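Here is a short report on a protein model. Look over the sequence and structure first, then read on.

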Amino acid sequence: MIEIFLRSVFIDNMVFAYFLGMCSYLAVSKNVKTAFGLGLAVCFVLTVTVPVNYLIDKYLLREGALTWLSDRFAATDLSFLSLIIFIAVIAGIVQLLEMVFERYLPALNMALGIFLPLIAVNCAILGGSLFMQERNFPTVVHSLAYAIGSGIGWLLAITAFAAIRERLKYAKIPPKLQGNGIAYIITGLLGMGFMCFLGM
Amino acid sequence: MKKYLGPLSKDNPILVQTLGVCSALAVTAQLKPAVVMAFSVTVVCACSNFIISLIRNTIPPRIRIIVQLLVVSFFVIMVDLLLQSFVYDVSKMLSVFVGLIITNCIIMGRLEAFALSHKPLPSLMDGVMNGLGYGLVLVVVAFFRELLGSGTLWNHQVVPDSWYAAGYLNNGLMILPPMALILIGVIIWAKNRVTER
């Protein structure tokens, strides 16, 4: 379990190994504080959606998953529906979380605020569910460990990147490379750094 | 006509608007999956732009995101099933990234920015051009990564054996993820040199 956790934080890091959630990663990393807020939101939503989708996948969608209802369904395979169900679950949960926060946790709502709705279309979230499906975790707790791990990995990546980007103002960069160009190259270099964890 | 050509260079979705980067980088270690991916995105983008534009006046604005997601995921499932039945090996290589077309920001971005406010045919055109602009970058990145990383193109060896005999080595780093990011950075640099003279 700890292995799954550490692996998803460092080795299979969402940003550096699979480029998931790059769009918001590049757009919301202008300063550390907002980057950290978005990172927390992603981490949180991943932790909720991945186990839920795991249960749905295991007990509704996979081939033979419906046997708990009746033996007649042993050959039913609904996995072609998984994409549409996953995205609907994610959009629904994000909407739900937003309403719960608004009502009971206004402070957290202020902090995550604008990021929550954006997250429904963040590829890191859907990617988390799809990788979970591909890896066939034995129990729901394993998938939870995976979700928390990848969330923290994402948080780590965006915070580190935002901190570097704040310092970039004082660096001398070729004028045509400024902005997006250098942002990609820095992410690449960070990714190379993270590759050192491969032997762990 | 001219306004549709923007996505190919001036308004390129990946290089200028930084949309859809997620899937763009992961599938470019070889040319073949990159071309298949570019094709799939173009089809999904064009079709969903067309459909959303057709029903744009009947969608209630509050739930438009969900409607868009459903339309897009319908086409993505179609593409996924087609890939699995006709090019199974590539479909295995792309793994989750076909599914991730759903959350590709290019598609959602075009739906929001164009299809909701334009007629069906221009929307179709816009979807095709944005898909092609995305594909163009994919193919360029994949070309260099496969050529320098494995010495092959489309799985055919192009670096002659005599070079290897003379001590030429493939750059293994090219196949690893970080190099894709650095290559895109360099392409943006080159593109800015050309367009912003």
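## Basis

This is a predicted model: local features need pLDDT of at least 70, side-chain atom pairs count only at pLDDT 80 or more, and totals for chains, interfaces and linings use all residues. Residues are numbered from 1 along each chain as its sequence is written, chains are lettered from A and ligands numbered from 1 in the order in which they are written, and side-chain values use heavy atoms, without hydrogens and water.

## Chain B

Chain B holds 9 helices and 2 strands. Both are DSSP runs numbered from the N terminus: helices are H or I with at least four residues, strands E with at least two. The order along the sequence is α-α-α-α-α-α-α-β-β-α-α.

The C-alpha trace of chain B spans about 65 × 45 × 25 Å along its principal axes. Take contacts (heavy atoms within 4.5 Å) between residues at least 6 apart in sequence: 75% join residues at least 24 apart.

## Leu55 in chain A

A:Leu55 is found in helix H4 of chain A. A:Leu55 is partly exposed, with a relative accessible area of 40%.

How values were computed
Buried < 20%, exposed > 50% of the residue type's maximum accessible area, 1.4 Å probe, protein only.
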